[in-house]
Amino acid sequence: MAAVNTDEWRAVCDKFTNAQHLTDVESRNDPENDPFRSKYKARELLREIYCSLKSFEAGEGEEDSGAESADQRPTEQPVDGQKLDGFGQGFSGDSPAGLRAAKLGAVEYYLGVNHVDTEELSAGQEHLTNCMKLLERCRVSSENVSLFLHVRNQLGILWAGRDEMEQAQGYLETAESIYQHYMKEDGSPPTDMTEYFTTEENLLTHQERTKRFELAYTHTMYYLAQVYKNIGQTERAATYCQSTLQRQLQLNQFSPMEWALNAATLSQYYITKGKYMEGRHCLSAATVISGLAGEVPSEAAAQESETECERREQLRQKRAEIARCWIKYCLNLLQDAKKLLEDNIGELDTDRQEELTRQRRRDEEEEEKGRKSALLFGSEDTFDSIATVEERVLCLFPLDFTEARSVFLVGQNYVTQAKEYYQMDGYVTDHIEILQDHSALFRALAFFEEDMERRCKMHKRRVDMLEPICNDLNSQYYLLIRRQLMFELAETYSDMMDLKLTLANRQADTQSLDNHTIKKFNHLCSASAKYFQMFLDSLRSPEGKFPEHLEDDVLRPALVARFRVGRLQSRLISSSLSVQMENLSKSLEDYKYVVDYCETHPAAAHAVETELELSKEMVDLLPLKINRLKAKMAANN
Amino acid sequence: LSLSRSGDSESIKVFVRVRPLTQGTGLTTDGDQSLCLTVTSSNTIRLLSKPEPRTFTYDHVADMDTSQDSVFSIVAKNIVESCMNGYNGTIFAYGQTGSGKTFTMLGPSELDNFTDELRGVIPRSFEYLFFLINRESSKSKSFLCKCSFIEIYNEQIYDLLDTASASLFLRENIKKGMFVEGAVEKFVNSAAEAYQVLSMGWRNRRVASTSMNRESSRSHAVFTMTLESKESVNDVVNIRTSQLNLVDLAGSERQKDTHTEGSRLKEASSINRSLMCLGQVIMALVDVSNGKNRHICYRDSKLTFLLRDSLGGNAKTYIIANVHPGSKCFGESLSTLQFAQRAKLIKNKAIINEDTQGNVR
């Protein structure tokens, strides 16, 4: 090897620095129509370096080249699996032969990355493979461990790009174990690959070395997360996402808002798995870390400068996104608790409630244990703040109204926050989604409310927030959302109607209801039917024709809507026999539609089993009822 | 697709077109005489993959000899007609750079002559639209037509009709739906005028050359025609609006940031230390199937957001997938064919919150 301080060597170092600069800095300014100009230039420099290294070798290393050929192994394709022979025999990393191999390997590595960057994958693979071959002859040491890691990261990316996940997984898992093995056995700050080509006065500090090495390993974690995702191991992938985030935090290598959004998104993974403790932890961390991004610039400041304006927009939007993740947390917690507590007619099962309350004590202990064993986020500075945010909301299922209400209020608070950014004007879809969540929060809370009058009022709140929007939305652009709103409104009116009737029945029997109650009941009943009907009408063609064949996505909703309209028709209260008659006939038509449809489309039957069974009964029963009415009317005349 | 309003199950259709082999165009695929795919019927194509050849089925497959006119008749005619009736319509062109997207959509690149036999789907759509407008216009019915042309590059929106403007924002309005705020809209009265607007904007697109491709586009271009019809029947004025979107997607080999890339890993080196893409990974883990209600912090790309109505909503959509038959293009052709097949599965779910429990008593 050329002496470290000769002019020749200096020239090599300069070339390397130049190549790095071209790759990392210049290339960003390459013109649109020649996007790889700097990378192509860098490639030339790297090739020259390679030649120089080779010629140094030929000039001095007689005895080494002999050793080299003696050490030549059969060159099987180096597919990494579990083998870790880097720790076995081979040149020691700091021997002249080991150093030369590492230097040549590093140039091959940079050439490989360069080719991959310029979309010449096969050439890139060849260089990276050459690098692996050179390293095969060396033991892992602090001089070359970084290169060991980097080249495997790159090969992992390359093979994943070709959809060869097992290959990629092999390289990356080897990288992971090399890191762990190295940290256990040695752990001293390893040489960074760039240092192979620097003059002595420019060597890195220990701190900088550690930082770069840890970052490379963070990337290994990150690539593994993606590989596991791609091969369908979601739980493992989530764990690796979690470790990537935790490493970023510990090593202080993150941008707060992005980190926070990632953590908030991860919380949604845990929520869908029913892991509320983990979900809450992610969200609390997201809230705390997003705070590190600083204050939102004021409107005045935003008007003054464009960068402030963009920052304001970014911060507000991302905080609103985190708020929306919190809303989902509260909503799912309430809904899951409801599922746990409801009996077969959807009311609160008090026996179950008592049983679960007794179980709670055990759960609390479990929570403590779980918290200790779970992977947690936080650095020394943030840990306490995260715990404080966590304390604001339950992570165990709420079991009574008071607890449910406290979860609801947290959720509602985030609804307000999210709506501040996602206003109707400009963000129609997002705004409505938030309102739908708000409505769903009320619905879940209403389940826990024992006072029917107050429960009814909660449903009224839902109607008030959704009804005007449903009527204003352009149905050409927002057809799908409108359909959701129609259905929800129909159901809400139905719920209110049932509550009113239950309340009235407590005071009197159906026959002797007072006029005011009847009016109220009929109003709710018709309103519900109206929205179901609106939903059905939305399925019509522009010419007004109802489809003969219902598509899968709307099959069940359409048949259920028709069935419900039928039921609502028959429940309308009237003292006039002819009105009663009319309502029952309409109702019969609706039930018949459901029965007939399922007869002509047998596949539809399983989608609406209960409704179909009841419709069949009604189709048998209603004609009798209608005939009785007819007879009564005839007698009256 | 199932949610089109008329209930006909066809909101997204896929048309695959195979281009002839290239000769002397300077493309690296020149002189590549071995084929990797054959058209086996008017809706199937066979890819000569190893060990087993694979057959793909689409709504229509056109071989090398297919004329521009027949592409138009199959793909666009119906969509233009629906636009006249108040439906929104979208035509996408998708495929590897050099696979014939621009030829299919526009025609030969130096085209100014409007009567050229080789003119593409877009000029033909203009002609047909104005033919229909002229036929239908009467005292009681009138039409108003305006165009906008935007480009999505690096997730930023630019106005191709006003290159001086800064990047624009997407906004939504309760009445107007999704729109690009501040995009220039030009009124047009004839096919020629529309074509003029198009070619003016086209020249402003961002293209790049690499050692692999002579010329490749890194941006998506969306040309939107808004058609408003006014009809007075017995003193009642009926106004209907519809949109025709003509979309030229970036070369498929460049779409590293969209769902089309399949399994390619996101690299950290290029995104520096921020690892924003980690979110995309987590996003993919969040399970939708178990019916839990969740929020994802990361929006889809601007393009899918803008064209949400076209992707499985309330519109008629055709995707033209262009493929190059040369065996050198095997990989790209495979991914294009796979994308096209996935596109057929796109469904916009209207999850209706119906929950009859407790109500059927």
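This is a predicted model: local features need pLDDT of at least 70, side-chain atom pairs count only at pLDDT 80 or more; totals for chains, interfaces and linings use all residues.
We can begin with the overall layout of chain A, which is divided into four stretches of assignment: domain 1 (6–245), domain 2 (254–296 + 307–351 + 378–428), domain 3 (451–538) and domain 4 (544–637). The centres of domain 3 of chain A and domain 4 of chain A, taken over C-alpha atoms, are separated by 20 Å. Their contact draws on 19 residues from domain 3 of chain A and 13 residues from domain 4 of chain A. About 1,400 Å² of area is buried between domain 3 of chain A and domain 4 of chain A, and carbon and sulfur atoms give 73% of this.

In soluble globular proteins, nonpolar side chains tend to be buried together. Here the largest nonpolar core holds 199 residues, and within this core Phe197(A) and Tyr329(A) touch the most other members. Leaving aside residues up to four places away in sequence, Phe197(A) is in contact with Trp9(A), Val12(A), Cys13(A), Phe16(A), Ile49(A), Leu53(A), Lys103(A), Ala106(A) and Val107(A).

Of its 7 residues, 6 are buried, so β1 of chain B is largely enclosed by the rest of the structure. Strand β1(B) pairs in the parallel sense with strand β16 (residues 315–323) of chain B over 7 bridges, and Ile12(B) has Thr317(B) as its bridge partner in β16(B). Parallel pairing also links β1(B) to strand β5 (residues 60–62) of chain B, this time over 3 bridges; in β5(B), Val61(B) is the bridge partner of Val16(B).

Chain B also contains an open sheet of 3 strands in the order β2-β3-β4, with antiparallel pairing. Strands β2 (37–41) and β4 (54–57) of chain B stand at the edges with a single partner strand each, so one side of each lacks a neighbour in the sheet. On average, neighbouring strands of this sheet are turned by 25 degrees against each other, direction ignored. Strand β2(B) is joined to the antiparallel strand β3 (residues 44–47) of chain B by 4 bridges, and Thr44(B) in β3(B) is the bridge partner of Ser41(B). Helix α8 (residues 330–343) of chain B lies across β2, β3 and β4 of chain B, and runs at about 40 degrees to β4(B).

How values were computed
Residues are numbered from 1 along each chain as its sequence is written. Chains are lettered from A and ligands numbered from 1 in the order in which they are written. Side-chain values use heavy atoms; hydrogens and water are left out. A nonpolar core is a set of buried Ala, Val, Leu, Ile, Met, Phe, Trp, Tyr and Cys residues joined through side-chain atoms within 4.5 Å. Buried means under 20% relative accessible area, exposed over 50%, partly exposed in between (1.4 Å probe, protein chains only). Contact means heavy atoms within 4.5 Å. Two strands pair if DSSP finds at least two bridges between them. Helices (H or I, at least four residues) and strands (E, at least two) are DSSP runs, numbered from the N terminus. Axes are lines fitted to C-alpha atoms, for helices over the stretch in contact, and angles run from 0 to 180 degrees between N-to-C directions. Domain bounds come from an automatic or database domain assignment. Buried area is the accessible area (1.4 Å probe) that two parts lose on being put together, summed over both.
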